[in-house]
There are 2 protein chains.
Amino acid sequence: MIRLAPVDGGVTAAAGFRAAATACGIKASGLDLAIIVPDAPAAAAAVFTTNRAQAAPVIVSREHLARTGGRAAAVVVNSGCANACTGADGLLVARETAAVAAGLAGCSPEEILVASTGVIGVSLDAGRIRRGLAAAFPSLDAARHAEAARAIMTTDPFPKEAAVRLETPAGAFTVGGMAKGSGMIEPMMATMLAFVTTDARVAPPLLARALREVVDVTFNAITVDGECSTNDCAMVLAGGASGVTIDDGTYPLLVRGMRAVCERLALGIVRGGEGATKLVTVRVAGAASPADARRAAKAIANSLLCKTAIHGGDPNWGRFIAVAGRAGVAFDLDRAAVSIGPTVLFSGGAPHDERAAEAAAYLKGREIEVTVDLGAGGRDEAVVWTCDLSAEYVRINAEYRT
Amino acid sequence: MIRLAPVDGGVTAAAGFRAAATACGIKASGLDLAIIVPDAPAAAAAVFTTNRAQAAPVIVSREHLARTGGRAAAVVVNSGCANACTGADGLLVARETAAVAAGLAGCSPEEILVASTGVIGVSLDAGRIRRGLAAAFPSLDAARHAEAARAIMTTDPFPKEAAVRLETPAGAFTVGGMAKGSGMIEPMMATMLAFVTTDARVAPPLLARALREVVDVTFNAITVDGECSTNDCAMVLAGGASGVTIDDGTYPLLVRGMRAVCERLALGIVRGGEGATKLVTVRVAGAASPADARRAAKAIANSLLCKTAIHGGDPNWGRFIAVAGRAGVAFDLDRAAVSIGPTVLFSGGAPHDERAAEAAAYLKGREIEVTVDLGAGGRDEAVVWTCDLSAEYVRINAEYRT
């Protein structure tokens, strides 16, 4: 018998973690520096952006995890400056950030992970980071998770926190986390950052495997505008304070808890997408392979024509068929089908436009599900979450520096 | 000595071609049927959408060209109805269209090419097509090219015609054409149709090769929103009335003429893109391969963040770097560069934001060029044309049926 229940506490919901946040002047106003600190160095893993233009903090955190074999004593995150496209200068400041935090945490610099989000092409101000870290460390407290979640926001319309407690035959443990999503006024890209903690005890290789598995079906299954930032990363720390040890047998429990947290955070990112008014679940079925299913779902989720149709409440099934047809996957028009909510609008090669009014009424809702069957004879499926595309998205992205 | 000069006359500028247009009631109002007829059956070639959801006219025209080996006695184009996703019914009407036109043209149905653009999921009304063809054939005239160009429009803001006359050591010949682009209110997709004619004499295999070569660097090098319709096609007819014969030696002359026409038509499609306010030339240099160059240029041209930055007049070089970095091509941040117009904003790993005002002034223009050097050590380049992304695009596509 396994019970999974949401709990409060975000990134410090798991026992043995504290957080702090401060305003150190990287942003014009507001909290802009957060730290997450386990009571003792914890197992750590991360996945980073696949963008070949990698920001300095991505390069440094990846190096540190490689050197320690997956251990971290603190995570330092700033908003307001991405420290990307900043060359050797940017790398120096990212390393200095780790060194200063190591001094305050009493660990080696390699045990510090760093992440940044904000303007591209501007190096972090080392002095501000130093003063911010000096202010943040003394105020570490498990109660400060909500401040930390606010400190990593850029133009996110709301902070994103989630946590769950699992009661299992192997014992009870907690997974929590926080994330920031798309919607930045000052910077160049919609960087996604996520930080997850657990009080389960997990060896670094298993933790890394769980993170990859969970990210694939959560953060990598969402899209706002199809972009991939220079700074994207998701990090997980496992402290062990619960006394529950994860091994090959209990691994599925860890994945289940991490997936529950990351899915909530990921859906929060989509709900808070730039200009978003609707959360859209794109389900692709009848695919010849899992890769085809994912590819078609991503094509639909990133299609301007599909996203604007949903924004306008238009049950425009032809756009979904046409995008599935051009997605580069096995597709059979005569066996394909499109449903908007529960309403089948196209199947067996024939439209059912007499049901358009029913689908239009459904589209007035805030949470929309669209299902496209590729008719390719397979049984593979995929789900991708996205948001609609509004004129507000254009306004935010066309006018943010003017 | 080769001289190439623009001439009037669009799709009937070449000797030996006539056109006609009529309003047969497929659209609520206005011209909706065009025919292009050579004086005698002409060599013909076409390229069709790669979308796996292929409209009935695409299926029928492809069949006909295969059966005749590349010969056509007339082209029939309607707007207002795409005859796509219409199953067996749609195929029947497309075949009936060809049969009726063949009766009027005095040829076999296989010598008729058909094309449609308009609402998906609705079959053509055979009676309207019959009456339209009966009205159009008697009015065929070389002077009616402009009417034909208007009859194939959907929400195109203006008709697109182009023609050039080439004077060459091999003799003088003319290439002309018309196209419709993106921007349809009623239908589902931004179908692109193009029809090119020439009075050069060209064997069908050479004509097909020229069309593929020219389409690759013109119609396939433009993008409005990254979509590919169920109905896209480009067709070319070569009659031979000029007396100039194209062989392997004079093939480059044909390509030069067709490219001049198709590039003008393609740029017209981009200028008339839905909600477009600027024509954007995306030039990618320093690529490791031609495929990398094209892929990066397409990624930038389709990036919402790049398109909205240009719309807003924001010299946001970081967006171009970040999209190049995620485009899946060889890329070196330390050697990459971004120029907006003549202004280098990022190079050698360092921003030149002191030049931002200069670039912002340039971005106020209607014709914008952005150059991204991938820094990948190669010398390959590619050009892709696109338009900016405006709130008007969202309005058109979100609200067109409401």
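Reader: Why is Cys85(B) called buried?

Author: There are 30 other C-beta atoms within 10 Å of Cys85(B). A residue is called buried if 20 or more other C-beta atoms, placed from the backbone, lie within 10 Å of its own, exposed if 12 or fewer do, and partly exposed in between. Cys85(B), with its 30, therefore counts as buried. This is a predicted model, in which local features need pLDDT of at least 70 and side-chain atom pairs count only at pLDDT 80 or more, while totals for chains, interfaces and linings use all residues. Residues are numbered from 1 along each chain as its sequence is written, and chains are lettered from A and ligands numbered from 1 in the order in which they are written.

Reader: Where does Cys85(B) sit, and what is phi there?

Author: Cys85(B) is in the loop of chain B between β6 (74–81) and α2 (87–105), where helices are DSSP runs of H or I with at least four residues, strands are runs of E with at least two, and both are numbered from the N terminus. Its phi is near 60°, a positive value in a residue other than glycine. In chain A, Asn83(A) lies in the loop between β6 (74–81) and α2 (87–105), and its phi is near 50°, again positive in a residue that is not glycine. Asn83(A) has 33 C-beta neighbours inside 10 Å and therefore counts as buried.

Reader: Why are α7(B) and α9(B) described as oblique to each other?

Author: The axes of α7(B) (residues 290–302) and α9(B) are 9 Å apart, and the helices pack at an angle of about 130°. The axes are lines fitted to C-alpha atoms, for helices over the stretch in contact, and the angle is taken between N-to-C directions on a scale from 0 to 180 degrees. Angles under 35 degrees count as roughly parallel, over 145 as roughly antiparallel, 65 to 115 as roughly perpendicular and the rest as oblique. The value of about 130° falls in that remainder, and the two helices are therefore oblique. The contact joins Ala296(B), Ala299(B) and Ile300(B) of α7(B) to Phe320(B), Val323(B) and Ala324(B) of α9(B). By class these residues are six nonpolar, no polar and no charged, where Ala, Val, Leu, Ile, Met, Phe, Trp, Tyr, Cys and Pro count as nonpolar, Asp, Glu, Lys and Arg as charged, and the others, Gly among them, as polar.

Reader: What makes α8(A) mostly covered?

Author: Eight of the eight residues of α8(A) (residues 304–311) are buried, among them Lys307(A) and His311(A). Their cover includes α7 (290–302) and α9 (317–325) of chain A, together with α11 of chain B. The helix α9(A) is mostly covered too, with nine of its nine residues buried, including Trp317(A) and Arg319(A). These buried residues pack against α7, α8, β16 (337–340), β17 (343–347) and β19 of chain A.

Reader: How many residues of the two chains are in contact, and which helix of chain B gives the largest share of its side?

Author: In chain B, 48 residues are in contact with 49 residues of chain A. The helix α11(B) supplies the largest share of the side of chain B that touches chain A, six residues. That side has 20 nonpolar, 18 polar and 10 charged residues.

Definitions and conventions
Contact = placed C-beta atoms within 7 Å.
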